[in-house]
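Hello,

Here is the structure I promised to pass on.

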Amino acid sequence: MLFSKLLIPTLKENPAEAEAVSHRLLFRAGMVRKVAAGIYNYLPLGLRVLRKVENIVRQEMNRAGAQEVLLPAVQPAELWQESGRWQVYGKELLRFKDRHGRDGCFGPTHEEVITDLVRKEVHSYRQLPLNLYQIQTKFRDEIRPRFGLIRGREFIMKDAYSFHADEADAEVGYGQMYQAYQRIFTRCGLNFKVVEADTGPIGGSFSHEFMVLTDTGEDVLVSCTACDYAANLEKAECLPPAGNPAPAPKQRWELVHTPGTRTVEEVTAFFRATPQEIVKTLIYETEEGPVAVLLRGDHEVNEVKLKNLLRVTDLVLASAERVKELTGAEVGFSGPIGLRLPIYADYAVAGMAAMITGANQDQHHLVGVNLTRDVSVNQVADLRQVTAQDPCPRCGAAINLLRGIEVGHIFKLGLKYSQALKATFLDANGQERYLYMGCYGIGVSRIMAAAIEQGHDEDGIIWPMALAPFQVSLIPISLFDEPTRETVYRLHQKMEEAGLEVLLDDRDERPGVKFKDADLLGIPLRVVVGPKTLATGQVEVRHRRDRKTNLLPIDQIVEYLLETMARELSA
C-alpha cells in the first residue's frame, strides 16, 4: 500500500479537547475524527485496526462454538416493557417515536431482542445449548462522553448470548466464554486482568470484567498480593471488623456547640480527633423514599453496594434544602439520633464504641454516640469503597489498587430474561422449562483505545503486532536516487507477495517527516532504504517498541520480517 494513496491526515499538535492519551494519538495519527460528542468517524487506518480486532474476536467466538447473527439496532419498546427494563434502564437509553407514534430505542444491548428470537425458534432440549453473537454498533446516551473511544456514546461491540437447559450447562457455557475471552485479549497483545464485577443494568447473578491494566485507566480494581482474588471497585468487598465491638461508654452522649464545622476535616480539627472517630450521616433520595447512610469519616460510600442493598434503581444525594427538611439542620450537621428515616450503617461503624456525629441541629455535634445503645439501625452491611489499607476478603493478605480499562464483561443471567419474556423449551420428559442464559460483551472499538493507553511513548502509538494497521513501514531516504527507488519498489513487491502488510511511504517529504509519521502511526517494524546502506548491500530495520536498530543484507530482510512477525504474534 502506498502512503500517497491513503487518507492519513496526521497532525503535529494535540487537539485541544482530547484528554486521554489514546484520544490524542488517534486524532494525531489520522485514525478517527469527531462527528459529535462521543460519536466518531473511522478513517482508513483506524478501520484497519478495528477490523483486526473484529477478526480475532470472530475467530475465537467461532472456535468456541458460537454462531454469528446480526440483530437490528432499532428495537421496539414492547420488548423492553415486557422485560421491565423500559422503566428502569435510565436516560442512557436513547428513546424515540417513529412516524406512527410507536415507541422505540436505539439498542445499547440486545438481551430482549435475542430472547424474543430464541423463544420463537428454539422449542426442544435437542436444540440446546445455543450461543449466538454479533458485532454491531451500539448507542448509550452517556451524560458526559469523554476520553474518545473509551467512553463514547456510539461504539462497536461484540455481544453474545447463550441458552441452556439447566444451570449446570449454563455454568459450562460461562466457563467456555471465560476461556475464549482470555484467548482474545491475549491474541490482541494486551496485558489484562480478570476481576469480579457488579452486574449493573444487565442483571444476573454474577459477572466478570476483563480489564486492560494501564495507569491512565478510568476504572479502579482491587488485586490481592497473595491469592487470585480480584474485583472492580464497585464489587470489591470490605470485611466487618474482627472480634466484638468495644463496650459503649458509660456516660450519655454530649451536645457540643461546633460553629463552622461542616466537613470531616473541620470536625477533626475542632475536637482534635481522627477521622476514624467521626461518623458521617449521608441522606439519599430513592424511588422508595429517603434513607440515611452512616460511614466512618475516612471512608467513602459505594453507591452500587447501597443500590443493591436497597434494591433501588434511582439513588442521588439529597439536596441541601431536602436535608434541612428531613433532619432539621443544614448539610454538615446531620446525625443518626432522632432521625426519622431508615438508617443503614457500614460495617466499620458497627465496630465503633463512641462516635462523633452531627446533632441534627445547626452548628452542633454529638460526642460519645454509640450505635447499639443510641441508634435504631435498619441494617448493618458493607456499604463503602475499599481502600488500600483493607485486607483481601478471601485470604486476609494485603491488596493493591490498580487502574484499568474495561474491555470485556461476561454475565450469568440465569432466568432473568427467559422468565420475563416467557422463553421456554420442552425437556426430555416433555416438561416446559425456562431457558438458562448467559451474556458476553466485548468493546471492540474500546480495545483500540485501550491498546494505545497501554502502548505509547512520546513519539506516538506502539501497536501490538496483531492490531497494527500495517506490520511494516518501508521508507526510502530519497525516491530521486535511482538505485534506492528501484530497490524499495522491488522490496515492497516481495514483502507483499510474502504476505506482509507494508506501507510504502512514497511521499515527497524529508526523511525526518517520514520517520516521525511512522512512529506516530505505531507501525511495529520500520525498514529504511538509503544510498549509504545500499552501497554495503544492506538495509536498516528498526523496531518500534524497543527502538532497536539492525543492519541486514537485502536478501535476508523478508525472512527476518516474517520471523519477527510470527514470533510477536505467538508471544
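Below are my notes on aromatic rings, charges over rings and cysteines.

This is a predicted model, in which local features need pLDDT of at least 70 and side-chain atom pairs count only at pLDDT 80 or more, while totals for chains, interfaces and linings use all residues. Residues are numbered from 1 along each chain as its sequence is written, and side-chain values use heavy atoms, leaving out hydrogens and water.

Searching the whole structure gives 11 aromatic pairs (Phe, Tyr or Trp rings, the six-membered one for Trp, with centres within 6.5 Å; planes under 30 degrees apart are stacked, over 60 edge-to-face, the rest tilted). One of them is the tilted pair of Tyr-174 and Tyr-440, with 6.5 Å between centres and 55 degrees between planes. This pair joins distant parts of the chain, 266 residues apart: Tyr-174 lies in helix H5 and Tyr-440 in strand S24 (DSSP runs numbered from the N terminus; helices are H or I of at least four residues, strands E of at least two). Both Tyr-174 and Tyr-440 are buried (under 20% relative accessible area; over 50% is exposed, in between partly exposed; 1.4 Å probe, protein chains only).

Tyr-174 also has the charged end of Lys-412 over its ring, 5.0 Å from the centre (NZ of Lys or CZ of Arg within 6 Å of the ring centre and within 35 degrees of the ring normal).

As for cysteines, there are 0 disulfides (two cysteine sulfur atoms within 2.5 Å). The sulfur of Cys-395 is 3.5 Å from that of Cys-224, too far for a bond.

Best wishes
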